[in-house]
Amino acid sequence: MAIRDDFEVVAGQVRTVVQRFALGLLVVAAFVIMLIGKADTVLVEHARVVALDFASPVLEAIARPVAYANRAIADLKEFASLREENARLREENSRLLAWQTAARRLENENEGLRGLANFREGPEASFITARIVGDSVSAYVRGALLNVGRQVGVAPGQAVVTGEGLAGRIAEVGDNSARVLFVTDVNSRLPVLIERTRERAILAGDNSPRLRLTLLQSVAGVQRGDRIVTSGHGGSFPVGIPVGEVVETSEGGVRVRPFADFSRLEFVRVVDYGVTGLVGGTGSSQPVAPMPGQKAR
Amino acid sequence: MRADGALAALDRWGRAALPGSVLLFFVLLTLAPLRAPYLSDTLPLLPALVVFQFSLATPERLPGPLLLAMGVLLDLLLGGPGAPVGVSALGFVLIRAAVVANRRYLVGVPFLFQWVGFCILMFGFVALVWAFTTLWTWTAIDPVPALMQYIVTVVIYPLLAPLLARVRARDPLNVPELSRGTARPGETTS
C-alpha cells in the first residue's frame, strides 16, 4: 500500500514537472522542426510530397460539394451580368474567328516554308489534362494541387497552361498529386520574351495579382499592351506560351497582368515537353486553340 | 470508476477524438478550392480558430503534441518551396498555452470578451507567421493580404465559434457524472 502511494506521489511529481515544462518543450520542438526544414530541404520536400499524397484523396472526396458551392457562387455572380457577358462573348467570338482564319493561313504558310527550308521540328509537346483539387493559396503562397502525378508522367518543372495562357510550373510531384506554383507566387521567376520587340526579360511574381518584369535591358522599349510570352530559356518550357500583357510602365517598374484567371481555374493542362528543344509554332498555338471548347462544355 | 461496456468505450473514444478530427478536417479544408470571395482567403486561418475554440472548451483533448503534428501538416500542405515548416505548429502551441493560462478571462464570460480575446490572440498568430515567413525567406512580403485574412477571420468568428462551442456544450450532459475521469490536466491549471 505504502509503495503504491509512493509511486503515485513520484508519478504525480513527474507529471507536474512535465506539465510545467510542456510548453517550453513544445516550443523547442517547433523550432527544431523549423531548423530541420531550413537545413534539410530534401527531407522537407519529401515530407511535402507524402502529405500531398495523403491529402489528395480527401480533397477528391470533397471536390464535388466544393464544386457545387463554387458553381452556385459563380451562378449568382453571373446572373447579374448575363446580358453584358453575352454581348462580350459574342464580340470576342467574332474576334477569335478572325484570328482562327489568320492562324490557319499562317500554319499552312509555316508548314510550306518549313518544308522548303528543311526545318527539323523539335520534340512534340504532349498534354496531361488535370483537375485542380486543391488550392494552396494563402497570404504567402500562390499555387494549387492537381490530381495527376508521377504515374502519368508529371515531373517537376513542367509548364502548366490554361486556355488563356501560362498558369505556372510544377513544383512538387507525388504519386497521384502535384503542386503547381503559379506565376504570381513570390518564388516564381520566369524567363520571357516581349513579343513585339523580342527582348528577353525575367518575369517575377510577388504574391500580388500583377507580375513584375525585371532584368530588362531597356525599359523604354516596353509599351502598355505588349504581350509577354515564355522564351523557353533554361528549362523545359516550350517557347511562346502567352503569359500576360503589360498594363503599367513607370519608373518603379513594368507590371504585367497574367492572362490566366487564377480565381476560376478548374482544369489545367500540364505540358509534357520531353527534353529541351524547340517547339516552334505549335507551342504557342496548341495550348490556346482547343481549350476554350473544353471549358465551355 | 468508469462505466464499462462497448458503447461507453466507443462514446469515450469518439469524444476524445472529436477535437482532433475537427482540427484535421479544417487543416485539409485549407486546400479546398473554394471560390467564394473573401471567404476562401480565410481558410488557412480557420485551423487556428479551431485551436482557439477547443482550447477554451477542452484543452485536455487537444494535447500539445497533436497540435504540433497538425501545425506541421498544415505547413507542409500549405507552404510552397522555402516556406518555413513548423511556424503554424509554434503558433498553435502558443495559442493553446495562452488560452489555458487565461481561462479565467475567457471561459464563462460574455461572448464579446471571448471575441476580443480571439482578436488579440489571432493577431499575435498572424504577426508571428508573417514575421517568421519574412525572416525565413528573407524577402519583404506584403503584409496587407495577411491583414485582410485576419480581418475576415475575425469577422466570421461569431458565425463559426457557436457551432464549435455547441460540440462541447453537450458533453457534460451526455456523460454521467460518475463516468468522468478524474485526470483532466487542462482543468488543473485554472
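How many salt bridges are there between chain B and chain A? The count is zero, where a salt bridge is taken as a side-chain nitrogen of Lys or Arg within 4 Å of a carboxyl oxygen of Asp or Glu. This is a predicted model, in which local features need pLDDT of at least 70 and side-chain atom pairs count only at pLDDT 80 or more, while totals for chains, interfaces and linings use all residues. Residues are numbered from 1 along each chain as its sequence is written, chains are lettered from A in the order in which they are written, and side-chain values use heavy atoms, with hydrogens and water left out.

**Interface between chains B and A**
- In contact (heavy atoms within 4.5 Å) are 43 residues of chain B and 46 residues of chain A.
- The two chains bury about 3800 Å² between them, 70% of it on carbon and sulfur atoms, the buried area being the accessible area (1.4 Å probe) lost on putting two parts together, summed over both.

**The side of chain B that touches chain A**
- Helices that each supply at least two residues to this side include α1 (6-29), α7 (111-137) and α8 (143-169) of chain B, and the largest share, nine residues, comes from α4(B).
- By class, this side has 33 nonpolar, eight polar and two charged residues, with Gly counted as polar and Asp, Glu, Lys and Arg as charged.

**Strand pairing in chain A**
- Strands β6 (residues 189-194) and β9 (residues 227-230) of chain A pair in the antiparallel sense over three bridges, with A:L193 opposite A:V229 in β9(A); pairing requires at least two DSSP bridges.
- β9(A) is also joined by three bridges to antiparallel β10 (residues 242-250) of chain A, where A:G244 is the bridge partner of A:I228.

Conventions:
Helix = DSSP H or I, 4+ residues; strand = E, 2+ residues; numbered from the N terminus.
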